[in-house]
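Subject: The structure we talked about

Dear colleague,

Here is the structure I promised to pass on to you. Please open it beside this message, and then read on for what was found in it.

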Amino acid sequence: MTEDGETRKRRVDQGLRRVLLVFAWLALLASTSSAALAPPEIIKAFDTPNDAGGSNTITWKASPQDSLLLGYSVKRSAKLEGPFEEAGVVLKGQEEFQDAGLTDRQTYYYRVDARVLGDSASSAVAGPAVPSAQWFNLGRVNILAFIMLFAGVVLWYIARAKKGAKLFIRRIAGLDAVEEAVGRSTEMGRPLMFIPGLLSIDDVTTLAALTILGRVARKAAEYDTPVLVPCTDPLVMTTAQEIVKQSYSEAGRPDAYREGNISYLTYDQFGYAAGCDGMMLREKPGAVFLQGYFYAESLILAETGHSIGAIQIAGTTAVDQLPFFVTACDYTLIGEEMYAASSYLTREPIMLGTLKGEDLIKLLIVLALTVGVLLETFGKHWIQALFQ
Amino acid sequence: MTVVGIWIAAFLTLAIFSFLYKDNPFYKLAEHLYVGVSAGYYVIYVWSTDIRPLLFNPFVQTHAQTGSWGASLSQNAALFIPAVLGIVMLLRAFPKIAWVSRWPISFMVGIGAGLAITADVQGYLFPQVQATLVPLWVRGSLFTTFNNVLLFVGVVGSVGYFYFSREHKGFLGGLSKIGILFIMVAFGASFGYTVMARISLLIGRIHFLFADWLHLIR
Amino acid sequence: MNWLARLEKIDRRWIFLGVALVVAAPLLLGLKTRVDITPPVKNTFEAIDGLPAGSVVMVSIDYDASTMPENQPMLLAVLRHAFRKNLKVILMGHWPLGLPVGTLGLDQVAREMHKTYGTDYVNLGFRPGTAAVMVNLGTEIRNVFPSDYKGVPLDSLEMVKNVHNYNDIRLLVGIEAGDTYEFWIIYVQARFGLKMAMGTTAVMAPTAYKYLQSGQLIGLIGGLKGAAEYETLVNHPGIGLAGMPAQSAGHLLIILFIILGNIGYFLSRRKKA
Amino acid sequence: MMKREIPLLITFLTGLLMVVQFFVPHRPIGQIGTGVLSWYTIIAGFTLLLGIDSLVGMHLKKLQRKQSGWGYSIMLILGLLLALGLGIFSEIKYGSALAFGSPFMYLYTYMMVPLQATMFSLLAFFIASAAYRAFRARTLEASLLLVAAMIVMLGRVPLGAAIWGKFPILAEWIMTVPNAAATRGILIGVALGGLAMSLRILLGIERTYLS
């Protein structure tokens with residue numbers, strides 16, 4: 001098309017668009033001025049279920065002209081006849097509103113207005129609705145049931161383990177490498193480095209990492225190899241200091257423990273990465289353990305660790321970062337393997353008992369999945385409903 | 001001031017990049033400055049966004065409302081608990097009574113573990129299981145049927161990979177093999193997916209150097 | 001050693017150099033690429049383009065340094081467009097650490113287009129309380145921002161003397177990296193009917209799309225690609241457009257290195273066999 | 001007892017309380033969660049001082065012993081003092097260190113931002129070197145990793161679509177079907193493992209953190 005043709009086409013386009021716009025406005029005007037603006041229908045107002053009180057829920061069916069609206073305004077009154085005041089506004093397309101900040105055991109009435117600029121249409125009044133608090137969240141009963149089932153199974157296996165039942169757990173590849181890594185570092189006369197991730201001790205992944213640190217430090221103490229633990233969280237630092245100290249005394253070498261090896265760097269994500277990188281380059285650890293919860297800094301650490309020729313054993317439950325550890329490290333404990341590792345390394349029967357419990361629940365979940373998809377295939381949503 | 005700031009920023013940027021060649025004094029300088037400045041930065045940041053609004057402001061506000069420090073102290077008495085636990089934490093620095101710091105540590109571990117129990121079930125387990133419950137046969141769409149079957153097999157396979165109670169031989173061996181294949185595809189895919197965002201970051205830095213610092217480009 | 005087998009062990013510093021070159025070169029050379037203009041970006045452009053000179057546009061900085069590479073190009077392109085059309089710009093933000101970043105961009109574009117503070121643009125700064133701030137601006141801007149970011153009273157600034165609330169603002173452009181834009185829609189679009197367009201990171205764009213479909217947003221700029229489109233429309237190539245060939249080249253280079261590595265691997269394996 | 005049993009009891013009780021408040025919306029139990037979390041934030045805030053103590057102690061020691069690189073330790077401590085000094089000054093003068101235009105924010109804009117952004121951008125280099133090294137078709141698994149990565153990479157840029165129009169669609173399919181399936185499997189495992197770990201901690205079976 002020539003440029004001339006293109007301009008012409010654009011002009012026609014614009015003209016068309018203008019005409020359409022005028023029509024749209026006319027339609028809107030017609031719908032608003034002639035009081036044809038349809039209000040929302042089927043208004044329901046009731047106490048919000050499963051809450052701490054002070055809140056009502058209002059639902060409605062959207063106005064037939066929903067697409068033309070600005071939104072809905074929910075109005076509240078203590079009396080059926082009013083006066084109504086605005087409780088809140090919601091966007092078009094929505095059919096529910098929670099009115100919070102109310103007084104329990106008081107009566108409220110509601111009305112929902114469909115709004116356009118400069119006009120609105122009111123629905124019928126709904127109510128009375130009386131807010132109150134509940135003692136148990138019925139919507140979470142399935143979660144409670146699952147947790148009780150899980151705890152029951154785990155406790156049963158622990159009891160069996162205590163009675164001396166033999167519990168088999170398969171080998172986990174990354175774990176056997178721990179000993180090898182410590183040994184190789186020692187041969188090369190280099191220290192070990194343990195990076196416990198970015199989170200604090202309220203994160204269970206970090207606690208699992210610290211358990212692994214305990215075992216690594218124990219081995220290192222036997223070989224008399226120093227363990228460097230740079231931390232980004234002061235609580236992780238103090239806890240790690242205690243753990244490593246304990247491991248050294250268990251190995252009968254409390255004198256070899258150096259608190260300064262377990263240090264705080266900075267709370268800043270990339271500042272921590274910069275500090276760890278610098279430490280790797282200068283201390284040249286023979287093995288680097290990247291265990292814990294990591295974010296984007298994972299690959300910065302793992303690539304630097306690789307460049308100094310260290311054996312790297314990673315482990316994290318951060319699914320987003322697993323691809324980078326898998327590509328850049330020698331061994332990676334993937335997700336649950338890391339939790340398993342922390343119990344596996346202790347070799348205590350009770351710990352293995354909890355692993356067995358997890359596996360039984362896993363079987364049940366696979367069973368539920370299998371039955372569930374079959375039921376779904378026939379249009380039944382029973383299993384689906386259990387996990388709502 | 002802006003010009004000075006840009007020169008500082010440019011110097012630090014280049015100093016960090018120099019690390020890609022090898023460790024050198026510039027990187028060491030930038031690294032140590034970074035660790036020092038950011039460690040200090042977070043002390044101020046945490047004071048300004050956590051300690052002051054959460055611990056001190058409630059006392060000041062109640063005092064402003066009631067006009068009495070007594071009322072302020074009694075109404076916000078609960079805040080003494082974290083304040084005391086926080087100070088107890090600092091006793092770690094004194095070896096003889098360091099063991100007291102285990103109490104706040106236990107408190108924090110308890111919060112984390114307690115929250116994780118319900119959050120793991122509500123936030124991870126149930127939604128993931130629910131999203132996998134798809135019909136294995138979708139009338140009229142062979143493609144959706146294929147995808148759904150693949151999804152189911154992939155989920156069961158990768159769950160199977162994490163089964164520890166038995167050697168991965170026989171049926172379980174096959175299942176976990178399927179699982180690990182799926183996992184590898186997933187890792188490759190998310191690796192590839194991230195490349196774009198990472199290159200964007202580098203574009204941002206290089207643009208800073210060329211435009212804001214050197215004015216080579218507009 | 002066979003040179004082909006050497007492909008298996010390229011020093012990673014060559015790779016680093018390659019990445020730096022393919023990303024820097026398109027930026028430095030100002031390589032031009034064509035990007036297809038998508039309707040959401042075009043609509044944003046036309047919304048600004050259609051405003052009469054002197055109209056007030058509000059720009060909200062709802063991101064911080066971490067997403068700067070994606071968000072900043074959008075900000076620059078939109079500001080350039082607004083200033084070229086002689087629109088008045090009010091800048092503000094809901095992210096405490098975002099405003100320094102937004103101000104950098106505003107000052108840069110204003111300097112480059114010879115605009116004066118107080119008559120052509122005003123920087124209000126940041127106040128905490130996202131939704132509350134948004135709602136209060138609907139009655140009187142001075143209730144929230146009695147003065148600008150430097151403490152100059154608003155009434156002494158020529159441009160905003162007669163600007164009191166959303167009625168005096170023709171369009172809001174939010175540059176977004178989180179869910180703040182949904183607050184804008186819920187508290188301002190729905191309540192006051194203010195027209196708005198958003199520039200979001202690429203990750204957020206699919207979610208934001210639903211507001212576009214419902215007509216609550218008149219336009220959407222998604223990620224570096226969206227910024228590149230806008231730069232094309234304002235005919236001022238910037239980091240977004242230059243970034244497109246850099247992205248493609250970066251991806252291609254990585255793939256190339258993977259292929260080279262595999263060639264080296266197979267050759268050396270055949271040799272051993 | 002004070003050193004082990006009481007801490008274990010504290011863990012158990014706080015943990016139990018957090019579980020209970022999840023199920024009981026009624027006042028005051030349902031509100032404990034948010035209250036306790038702000039307590040947590042306060043305590044964690046205090047611990048930063050422990051970190052500073054460790055960091056400064058380590059570098060002062062380096063200085064005293066004139067260990068290699070002690071010059072950098074001076075820079076580190078100066079940086080720390082600079083941030084603290086500007087922060088306290090800004091707190092007093094501007095009411096908040098994070099107030100716009102304060103010297104503390106100047107430090108943030110011209111030191112923290114470029115340092116963070118540059119460290120972050122190193123990933124563009126490392127993602128390339130890691131891909132080159134690890135993506136070798138050694139085994140079936142490695143080949144899948146490699147092929148999936150290449151397809152998704154090509155599907156994300158205009159260039160890929162120019163080579164073969166279907167790349168974006170194929171990439172999208174890999175992300176939404178096989179990738180989603182595996183991620184789901186991993187997440188189910190992580191959830192169960194985390195649940196068991198939390199349970200072990202509450203019951204006092206896992207007590208390494210109290211060594």
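In this predicted model, E336(A) and K362(A) form a salt bridge in which the closest N and O atoms are 2.9 Å apart. E336(A) belongs to helix α9 (residues 336-346) of chain A and K362(A) to helix α10 (residues 349-377) of chain A, so the pair ties together parts that are 26 residues apart in sequence. Both E336(A) and K362(A) are buried.

A second salt bridge in chain A joins the side chains of E222(A) and K219(A), at 3.8 Å from N to O. These two residues are 3 residues apart in helix α4 (residues 204-223) of chain A, which means that about one helical turn separates them. E222(A) is partly exposed, with a relative accessible area of 44%.

In chain C, E158(C) forms a salt bridge with K161(C), where the closest N and O atoms are 3.8 Å apart, and K161(C) counts as partly exposed at 40% relative accessibility. Returning to chain A, salt bridges that share partners join E179(A), R218(A), K219(A), E222(A) and E250(A) into one network. Over all chains, the structure holds 29 salt bridges.

What does the side chain of R111(A) make a polar contact with? R111(A), which is placed in strand β6 (residues 108-116) of chain A, makes one with the side chain of D113(A) at 3.0 Å, and a polar contact of 3.5 Å joins the side chains of R111(A) and S122(A).

Between chain C and chain B, the contact takes 21 residues from chain C and 20 residues from chain B. The area buried there is about 2,000 Å², of which carbon and sulfur atoms give 76%. Across this interface of chain C and chain B the rule finds 0 salt bridges, while 3 residue pairs are in polar contact. On the side of chain C that touches chain B, α1 (12-29) and α10 (239-272) of chain C each supply at least two residues, and the largest share, 8 residues, comes from α1(C).

Finally, in chain D, the 19 residues of helix α1 (residues 5-23) should span 27 Å at 1.5 Å a residue, and the end C-alpha atoms are 28 Å apart, which agrees. The buried residues of α1(D) include P7(D), L8(D) and F22(D).

With best wishes

Key
Residues are numbered from 1 along each chain as its sequence is written. Chains are lettered from A and ligands numbered from 1 in the order in which they are written. This is a predicted model: local features need pLDDT of at least 70, side-chain atom pairs count only at pLDDT 80 or more; totals for chains, interfaces and linings use all residues. Side-chain values use heavy atoms; hydrogens and water are left out. Helices (H or I, at least four residues) and strands (E, at least two) are DSSP runs, numbered from the N terminus. The expected span of a helix is 1.5 Å times one less than its number of residues. Buried means under 20% relative accessible area, exposed over 50%, partly exposed in between (1.4 Å probe, protein chains only). Contact means heavy atoms within 4.5 Å. Buried area is the accessible area (1.4 Å probe) that two parts lose on being put together, summed over both. A salt bridge is a side-chain nitrogen of Lys or Arg within 4 Å of a carboxyl oxygen of Asp or Glu. A polar contact is a pair of N or O atoms within 3.5 Å; within protein, one must be able to donate a hydrogen and the other to accept it, and residues adjacent in sequence count only if both atoms are side-chain atoms.
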